[in-house]
Structure formats: C-alpha cells, structure tokens
Amino acid sequence: MKSKMIKINDKLVEIDDTTPTGAQILLASGVRDIVEYVLFQKLKNGLLEEIRPEESTQLDKDSIETFLLFKSDRTYRFTLDGKTFDWGAPNITGATIKSLANIELSSNDVWLELQNEKDRLISDHEYVDLTSQGVERLYTQETCIEIIVNARAKNVNHRILSYWQVVKLAFEHAENTESSIYSIDYANGPIVNPEGAMVDGQHVQLTNGMVFYVTQTDKS
C-alpha cells in the first residue's frame, strides 16, 4: 500500500492510503473521537468539500492535498466571490478568507457585503461572525489606496508600505547610498498611526488621503 503526504490544518501528515476515508484522515491527524470533528477538503478551484467519516476521497498523486479540521458538530455557510462555502467554525479571519480565494494577501482586500449600509472592510486579523441570521456574503477586491506624496496623488495596491517604498514614490531613482539621506514625515494616517516620522527599516499602515512629506539631504 502506497503512503502519501497530506496537509491537515497546515501540518504535514503521512497516510497509508491514496483513497482514504474521512475517518482515516481524522485518525491520521491524531483525532480519536471522530464524531466530534468536521473535515473539509480544499479543492483545486478553492472551494471546500465536506468529507464525512464514511466517505472516501482520491488523493492527487502529484500534489499535496489540503484538509481543514474543526472540532464542531455543525457547519456555517457563507459566500465568497459568488461561491458557496461551508465552514466548520463560527468565525473566520480575513487572512483565511484570502487563502480560500487563492489571492495575494498583501495586495487584495476582503469586504463583507451589508444591506442598507456601506460594505465593511475585513482586515487580515479580523474575524467575521458566521453565526448571525442569514448567509454572510464576502467578496475580494484588489487593494487601491490614494495617498499624497510631496503634494502628488499616488495610487498604491498595498495597505502597508516600507520606508524605501515611500521614498521611491517621492524620488523614483532613489538609492540607498552613503551620499544622501531621506526624511519622511506623515499625517492623516489611520488610528494606529495618525502622524509621525519614518526611518529606514520601518513600515507604516496606510489609509485613503494619507499625506507624506519626503525630503532629501546630501551628506556633507
């Protein structure tokens, strides 16, 4: 019998079957009381498929299959970019939603669709409550933030920028040399960093309308 590596909740596990049942996968993960858990397989199209203990699945011979395991007796439904997902926990983070959508974390946003009010941006570490009445409707969108750098509007597709990324928005051909230094001050930032200064090695969180002042000084 051939063995195969699979991934369960980001942990690599070896299983001695290429067509294991849900029960076999649960046991391979270390679970003993399998009726207490819910198991999902992440499909290549990004969707999740529940695998019941008595059901079997065919493992791909060329890639490592990913499974998600939850200690729960129920599932919670939401939609993501028009696709329906059943989840095994009462909440889910923005970063996990991006992972399910197979998108780049740093340059994309997750939004919760709301009725009669503005849709809500979900940060990577923020939880979406899936227990409220109705099905939560989520969608992803490329990040686009307008900031002002030395009085010029700049559109960026990241919510966090490094010191040198800000410098290069002001001085496209700036280089890290001993002959010049760059000073950065900012204002109109988010609550976590409304105003301040940056030095080499630092990062700053952005918000629309944030203003940066970048100056270059030649070392004497």
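Reader: Where is Asp81 found?
Author: Asp81 sits in the loop between β6 (76–80) and β7 (83–87). Strands are DSSP runs of E with at least two residues, helices are runs of H or I with at least four, and both are numbered from the N terminus. This is a predicted model, where local features need pLDDT of at least 70, side-chain atom pairs count only at pLDDT 80 or more, and totals for chains, interfaces and linings use all residues. Residues are numbered from 1 along each chain as its sequence is written, and side-chain values use heavy atoms, leaving out hydrogens and water.

Reader: Why is Asp81 called partly exposed?
Author: Its relative accessible area is 38%. Buried means under 20%, exposed means over 50%, and partly exposed is in between (1.4 Å probe, protein chains only). So Asp81 counts as partly exposed.

Reader: Is Asn116 buried or exposed, and how do you know?
Author: Asn116 has 84% relative accessibility, so it counts as exposed. Asn116 lies in the loop between β9 and β10. Its phi is positive too, near 65°.

Reader: What makes Lys98 and Asp124 a salt bridge?
Author: The closest N and O atoms of Lys98 and Asp124 are 2.7 Å apart. The term needs a side-chain nitrogen of Lys or Arg within 4 Å of a carboxyl oxygen of Asp or Glu. The pair meets that, so it is a salt bridge. Lys98 lies in helix α2 (residues 94–101) and Asp124 in the loop between β10 (120–122) and β11 (127–129), so the bridge ties together parts 26 residues apart in sequence.

Reader: Why do Lys98 and Asp124 get their accessibility labels?
Author: Lys98 is at 4% relative accessibility, so it counts as buried. Asp124 is at 25%, so it counts as partly exposed.

Reader: How many salt bridges does the structure hold?
Author: It holds 6. Another of them joins Arg159 to Asp109, with the closest N and O atoms 2.9 Å apart. Arg159 lies in the loop between β14 (152–156) and β15 (160–162), and Asp109 in strand β9 (residues 108–112), so this pair ties together parts 50 residues apart in sequence. Asp109 is buried at 5%, while Arg159 is partly exposed at 25%. Arg120 and Glu126 also meet in a salt bridge, at 2.3 Å from N to O. Arg120 has a relative accessible area of 33%, so it is partly exposed. Glu126, at 24%, is partly exposed.

Reader: Why is Thr143 called buried?
Author: Its relative accessible area is 3%, so it falls in the buried class. Thr143 has its place in the loop between β12 (136–142) and β13 (145–149).

Reader: Which residues is Thr143 in contact with, leaving aside its neighbours within four places in sequence?
Author: Among them are Ser106, Asn108, Asp109, Val156 and Arg159. Contact means heavy atoms within 4.5 Å. The side chain of Thr143 also reaches the backbone nitrogen of Asn108 at 3.3 Å.

Reader: What makes the link between Ser180 and Gln216 a polar contact?
Author: The side chains of Ser180 and Gln216 come to 3.3 Å. A polar contact is a pair of N or O atoms within 3.5 Å; within protein, one must be able to donate a hydrogen and the other to accept it, and residues adjacent in sequence count only if both atoms are side-chain atoms. Ser180 and Gln216 are listed as such a contact. Ser180 is in strand β16 (residues 180–187). At 11% relative accessible area, Ser180 is buried.

Reader: How do you know that β3 and β5 pair?
Author: Strands pair if DSSP finds at least two bridges between them. Strand β3 (residues 37–42) and β5 have 6 bridges, in the antiparallel sense. There, Gln41 stands opposite Phe67. Strand β1 (residues 4–8) is joined to β5 (residues 66–71) by 2 bridges, and these two run parallel. In β5, Thr66 is the bridge partner of Lys7.
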